[in-house]
Amino acid sequence: MKFLCVPCDEVMTFAERQIPGDGTLAAVFRCPSCEREMAMLTNPYETQLVSGLGIKIGGRAVPEQPMEILRTSLDGARPDAFVEADAPPAAATLAGDVPIAGRLTWSVDSLERLERVPSFVRGMVKRIYADWAREQGIGEMTPEVMSRARTELGLEGM
Amino acid sequence: MRQIRTYNEVGPGGPTIPEQVAAQGDRLAARLKDIRWVVGIASGKGGVGKSALTANLAAALASDGLRVGALDADLNGPSLGRMLGVVGARMVSGEHGIEPPTAATGVRVISMELFQEGDDAPLRWHGPESDGWVWRNVLETGTLRELISDVVWGELDVLLVDVAPGTDRIGRLLDLVPDPAALLLVTTPSGMARRVVARSVRLVREARVRKVGLVENMTSWECPDCGAQTELYEPAGPDLSGQDGIEQWGAVPFDPRLARSTDEGTPFVLSHPEAPAALAIRGLAAHLLGKLEAE
């Protein structure tokens, strides 16, 4: 699937993804020449179909996670199926702490939000958010950073 | 009419779907590289004893010193986890994948039973309540891919794949693992089973699977009092190991203790090593190994 700006005869590039939370998806593409934008809107089963392929419209900001399809799509999952090799830190960064380069700390609020993620996917979600934050040069995870990551990465249901 | 350039003419760009699919293929290939032989255990027909055979074959091969993995590819009716005694095990999830639980036999096992809550959980997915027919098969194929590529199998001599009933499921396995080292087709002597399995024989022949062996299961029953052998089925239907068919690699007699032992999570080949069915499975394991080593 590619989008061609017919007047410019240019392939449009991915610009933005939005997930309103009702199972639909909006992906915006922009013409690099005239900057005209168009949005691709998918209905819930089209969104599910794409998600079932394990692909992200617009490309991936972080690599596909192990068992991503199973962990995000299985209904009736066993909550204690996984032990995460990379468990959340026991304590959040205290105010005034300086983040170590390449390391990521989690605020208390962000850990609380993470706790609300079903345990079957929690470890994977944590890793996705952490990879994204490091890629963005972010040293501390906050609920706002999680919201941005969720939108930009297209993490429906996370 | 104006000329609009085609997909292939416009060059790179767009949503990178082919690149992402290629990356999935690369992950699958990388994982399979550490596995010497992938062997499918299939039929086309349900209820012929594929899973019990897979569990016992895995235990027999492992007890011979091979590094064995067992993948339950029957997503809707999983049973290998229970048969190999790993139900309830927790899996370590890391950056490189999921560590499969190791059964007492040393077999590394992955089954949907490990991911679902409760013994009676049907396979269901989050998603729109209607139009499931549009996306359900895609999710199942994607999940099966993950069960191979996202599991840290480590270096294995053999990965046995218990294929779900249905000829199409054999095709699904071949889509993911196009060149398995061997495929066992399991049947019973009944005409109905043989007719269904004949379709699988044709499919694997057309797919040019390198080594295909027929296993006839539940061939006979031995009276525990007098030792007399009785055929459970009057052999009927096509002769699958005939001139146009495939070589028969094994025949396993019926033994009610096999189902009982395997259901309890103890492979029959270990709990009743001298029973005729156990000896037949061990013979099949040796035959399979001989075929695999004869590259």
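V83(A) stands opposite V92(B) in β3(B). E84(A), in turn, has S93(B) of β3(B) opposite.

**The whole sheet.** Which order do the strands take in the open sheet? I get β7(A)-β3(B)-β4(B), 3 strands with mixed pairing. Why is one side of β7(A) and of β4(B) left without a neighbour in the sheet? Both stand at the edges, β7 (82–84) of chain A and β4 (97–98) of chain B, and each has a single partner strand, so one side of each stays without a neighbour there.

**Contact between chains A and B.** I count 40 residues of chain B in contact with 45 residues of chain A. On the chain B side, the elements that each supply at least two residues are α1 (17–32), β3, β4, β6 (124–125) and α4 (132–149).

**Domains of chain A.** I moved on to chain A by itself, which is divided into domain 1 (1–59) and domain 2 (61–158). How many residues of domain 1 are in contact with domain 2 in chain A? I find 8 residues of domain 1 in contact with 8 residues of domain 2. On the domain 1 side, β3 (13–18) and α1 (44–52) of chain A each supply at least two residues. By class, that side of domain 1 divides into 2 nonpolar, 4 polar and 2 charged residues.

**Confidence.** Last, I checked the predictor's scores. Chain B has a mean pLDDT of 91, and 98% of its residues reach 70 or more. For the complex, I wrote down an ipTM of 0.87 and a pTM of 0.86. A reminder to myself: where pLDDT is low, the predicted coordinates should not be read in detail.

Key. Residues are numbered from 1 along each chain as its sequence is written. Chains are lettered from A and ligands numbered from 1 in the order in which they are written. This is a predicted model: local features need pLDDT of at least 70, side-chain atom pairs count only at pLDDT 80 or more; totals for chains, interfaces and linings use all residues. Two strands pair if DSSP finds at least two bridges between them. Helices (H or I, at least four residues) and strands (E, at least two) are DSSP runs, numbered from the N terminus. Two residues are in contact if their C-beta atoms, placed from the backbone, lie within 7 Å. pLDDT is the predictor's confidence in each residue, from 0 to 100. Domain bounds come from an automatic or database domain assignment. Ala, Val, Leu, Ile, Met, Phe, Trp, Tyr, Cys and Pro count as nonpolar, Asp, Glu, Lys and Arg as charged, and the others, Gly among them, as polar.
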